[in-house]
Amino acid sequence: MINDGREAFGSWYEDYQVGDVYKHWPGRTVNEYDDTLFSMITMNHAPLHIDAHYMESSQFGQRLVNGLFVISLIVGMTVREISGKAIANLEYESVKHLGPTFHGDTLYAETEILEKRESKSKSDRGILYVETRGWNQDNKVILTLRRRVMIPKKPIQ
């Protein structure tokens, strides 16, 4: 068999333990292009994301990065360790934006395994309940979210 890297991407259900914390690396610096492109392709034309002049007089004095981009980026950071082998993301809940993200901020993330249970309908998989936390270069938590991820069990050899 040729090792093409798929085996090392993500983990099997059995590999996760409640209480484990995965630090996701590397971080990602958000730039203006990321935010503007995401806002445009998702048709979010809110001036707080795309109008610098408008935002100069706001409480922040500058544009805010699109919150859905922040969620997408933080979840994307978790793929290698958490959902690389996932069958499905079943549920996102309790998404909290705890602070703003600006162009030039560098974001980091970690995920804690809160619960795990075997599937009730299929014996070859289980469900992880996880909390992911994202923070910026100043160590300020800017996002938390919880989700349920369906993960396959190790194949029986």
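## Helix 4

Helices (H or I, at least four residues) and strands (E, at least two) are DSSP runs numbered from the N terminus. At the start of helix 4, the backbone nitrogen of Leu68 has a side-chain oxygen of Asn66 within 2.9 Å.

This is a predicted model, in which local features need pLDDT of at least 70, side-chain atom pairs count only at pLDDT 80 or more, and totals for chains, interfaces and linings use all residues. Residues are numbered from 1 along each chain as its sequence is written, and side-chain values use heavy atoms, with hydrogens and water left out.

## Nonpolar cores

A nonpolar core is a set of buried Ala, Val, Leu, Ile, Met, Phe, Trp, Tyr and Cys residues joined through side-chain atoms within 4.5 Å. In the largest, of 15 residues, Val70, Ile74, Leu107 and Leu143 touch the most other members. Helix 4, strand 3 and strand 5 (141-152) each supply at least two residues of this core, and helix 4 gives the largest share, seven residues. A second, separate core has nine residues, including Tyr13, Ile82, Ile113 and Ile151.

Leu114 belongs to strand 3 (residues 106-118). Its relative accessibility is 22%, so Leu114 counts as partly exposed, a class between buried and exposed (over 50%). Beyond four places in sequence, Leu114 is in contact (heavy atoms within 4.5 Å) with Val18, Tyr129, Val130, Glu131 and Arg146.

Ile41 lies in helix 1 (residues 32-41) and counts as exposed because its relative accessibility is 61%.

Methods
Buried means under 20% relative accessible area, exposed over 50%, partly exposed in between (1.4 Å probe, protein chains only). A polar contact is a pair of N or O atoms within 3.5 Å; within protein, one must be able to donate a hydrogen and the other to accept it, and residues adjacent in sequence count only if both atoms are side-chain atoms.
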